[in-house]
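Open the model in your viewer and keep the sequence panel beside it. The stops below say what to select and what is found there.

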Amino acid sequence: MYTYPEDIKTVYFFGTCLVDMSFPDAGMAGIRLLQRAGVEVVFPAAQSCCGQPAYNSGFFDEARTVALRQVEAFSAHDWPIVVPSGSCAGMMRFHYPELFAEAPDYFEVRRFSERVFELGDFLCNALHQTYEDKGAPIKVTWHSSCHAMREMGAVAAAKTLIGQLANVELVDLPYEYECCGFGGTFSIKQPELSGAMVSDKVANIRSTGAARVLSGDCGCLMNINGAMEKQSVPVQGQHLASFLWERING
């Protein structure tokens, strides 16, 4: 789907808001997995939000302001920008060029966007990582986030990485490709509809008998984990990076 860089020595890491505030272990695991591949990871301190909340709410001028700050923060070198979120990666890779289609900054923004990759996809298809499982046997299932699947095309890569783990049984999630109901501001604007969607998702997760549900997007995990906790469902939602790092370290 993408042209991946060759002879990768250094990458930028875009942390995302939810990794920063709610899932720091996913960010640290992602960085460690990249470092394990022999890659230097640079985390620009000036980075902030990708701008998707403003964009999805129709505040395009505000979204452009935020987007330009990210472009500037990652402008010193043309290194790949690795993102532990299909949602944020999709925003920066596909929607930034749309936002700036009529702006004088368009070509600079497009060059930035072409350097954006989702973490699992990058580990699998750019760095060609292989993993030895050191964990106990476990059954897991996988939730495909909307943006990772429909924009970034990163789901197959994630399942390939999980499939390398000898003691992990990956069971299919019924209606895997249906939205969990989070959708960022959607869950705030349409709470009843969002709640019904995540309840369906939790019921499907329970039906698999899995001990964990994995995903590459922290927004989905926050929503699903919250619903499972409320319903006293004994399943843990975990980011792909955290799970991989845990398994290869026993």
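**Stop 1: S242**

Select S242 and A26: the S242 side chain reaches the backbone nitrogen of A26 at 3.4 Å. This is a predicted model, in which local features need pLDDT of at least 70 and side-chain atom pairs count only at pLDDT 80 or more, while totals for chains, interfaces and linings use all residues. Residues are numbered from 1 along each chain as its sequence is written, and side-chain values use heavy atoms, with hydrogens and water left out.

S242 lies in helix α13, residues 240-248. Helices are DSSP runs of H or I with at least four residues, strands are runs of E with at least two, and both are numbered from the N terminus. Show the neighbours next: apart from residues up to four places away in sequence, S242 touches D25, A26 and A29. Contact here means heavy atoms within 4.5 Å. S242 counts as buried because its relative accessibility is 8%; the cut-offs are under 20% relative accessible area for buried, over 50% for exposed and partly exposed in between, with a 1.4 Å probe and protein chains only.

**Stop 2: the two domains**

Colour residues 8-124 as domain 1 and 136-246 as domain 2. These bounds come from an automatic or database domain assignment. Taken over C-alpha atoms, the domain centres are 22 Å apart. Domain 1 brings 33 residues to the contact and domain 2 brings 23.

Together the two domains bury about 2100 Å², and carbon and sulfur atoms give 70% of this area. Buried area is the accessible area (1.4 Å probe) that two parts lose on being put together, summed over both. Now select L18, F23 and C124, which supply 23% of the area that domain 1 buries against domain 2, more than any other three residues.

On the side of domain 1 that touches domain 2, the elements giving two or more residues include α1 (17-21), α2 (24-36) and α5 (86-99). Select α5: its 8 residues are the largest share of that side.

**Stop 3: N223**

Finish in helix α12, residues 218-230, where N223 sits. N223 is buried, since its relative accessible area is 15%. Beyond its neighbours within four places in sequence, N223 is in contact with C180, G181, F182 and V198.

Terms used: Polar contact = N/O pair within 3.5 Å; in protein donor to acceptor, adjacent residues only side chain to side chain.
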